[in-house]
Amino acid sequence: MENDSTNPLTGKNILVTSHLKKYYPIRRGFNPFSRQKAKFIHAVDDVSITVPRGKTLAILGESGCGKTTLARAITLLAPPTSGEISFDGKTIVDGKKADVNFKKLYRDMQMVFQDPDSSLDPRLKVRDLVAEPCKGLLGVSRSEVDAMVMKSLKAVGLSAEHAERLPAQLSGGQKQRVAIARAVAPQPKLVILDEPTSALDASVQAQILNLLVDLQRNYNLTYVLITHNISVAEYLSDLLIVMYAGNIVEQGPTASIIAKPRHPYTVTLIASAPIPNPWKRNLLNTEIKGEVPSAINPPSGCKFNPRCPYATGVCAKEDPELREISPGQFVSCHNVEKTA
Ligand SMILES: Nc1ncnc2c1ncn2[C@@H]1O[C@H](COP(=O)(O)OP(=O)(O)OP(=O)(O)O)[C@@H](O)[C@H]1O
Ligand SMILES: [Mg+2]
């Protein structure tokens, strides 16, 4: 039998979300006499994920499907509208209420933001940028912070000389290394990586992916990897979640889903024509007929039904549940037998 700690599905979990929702109110001009009902963008709509310790869970989906919002809800940067989050054995959000020691949370959970240009303060030197998340740590002296900064810069392949530069004096790949150094400096348990390589050239992309693999091993990290690139998910992740319009449509072991995707949306994403350079298997290049659904007035029933080649009457009426269709692989589709 497979050892519990090596099985990506049964290993101990560091992060669990249950029925997580993040709705954004749509702001209109203030009119106290308006009879219109308040409207919301359903950015993340009932998402339950489980992330085993030491593993990588990838979240794959088109632009606007709610990936970054999910990350911001988990890190409480955009507190969830409802649902539960447990992290490292503690419930940190229960319903709307957050019960959390933020200093401890942000030592143990770090995020590499989607765009290093906007997440790195252009006025701060690399040394200070990387030191930022370490400064609030209890019982850590200034000289210890300096040591953590240097250790972390070295771990990402930067030198003491880079520590004195401003972000504008770095290449795109070096900026991303700084963003990663900053996330790993406080020695977190979980790092959320939001599109860590999408802004980089293919050769630099490969270097950063290899760096992430090394760091995971050396620092014993768990990753939540957000990407729209199937090859990046395939390279780095053990488990995969496919999101569509704020919902999970398919989840399971990455290798199983890539070998045999079953949700019609995942099938379309993955079964695109063979291409010479696998690093270009990018969702941005995938064409699915029909329009991306409105996040304000989503279609009734299954949100994918207006674009789905297999849709039947029930699809526009009932929202399908996630069902296990093979060991560990879950799909939310009324007509899943059609993709068998
Ligand atoms: N602060 C906000 N206020 C209102 N709506 C928001 C806010 N942030 C995101 N949204 C909306 O929520 C939805 C999901 O956005 P999100 O940024 O999570 O998508 P994403 O999957 O990360 O896309 P991308 O791949 O382009 O980064 C979109 O419709 C977006 O317009
Ligand atoms: Mg995003």
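Two residues are in contact if their C-beta atoms, placed from the backbone, lie within 7 Å. Keep that in mind. This is a predicted model, where local features need pLDDT of at least 70, side-chain atom pairs count only at pLDDT 80 or more, and totals for chains, interfaces and linings use all residues. Residues are numbered from 1 along each chain as its sequence is written, and chains are lettered from A and ligands numbered from 1 in the order in which they are written.

Start with V130. Leaving aside neighbours within four places in sequence, V130 is in contact with V149, S152, L153, V178, A181, R182 and A185.

Now strand β10, residues 239–244. Strands here are DSSP runs of E, at least two residues, numbered from the N terminus. Buried means 20 or more other C-beta atoms within 10 Å of a residue's own, with C-beta atoms placed from the backbone. How many residues of β10 are buried? 6 of the 6, so the strand is largely enclosed by the rest of the structure. L239, I241 and M243 point one way; L240, V242 and Y244 point the other way.

Next, the partners of β10. Strands pair if DSSP finds at least two bridges between them. β3, residues 56–60, runs parallel to β10, with 4 bridges. There, L57 stands opposite L239. On β11, residues 247–253, the pairing is antiparallel, over 6 bridges. M243 has I248 as its bridge partner in β11. The hairpin of β10 and β11 has 2 residues between the strands, and A245 takes a positive phi near 50°.

How values were computed
A residue is buried if 20 or more other C-beta atoms lie within 10 Å of its own, exposed if 12 or fewer, and partly exposed in between; C-beta atoms are placed from the backbone.
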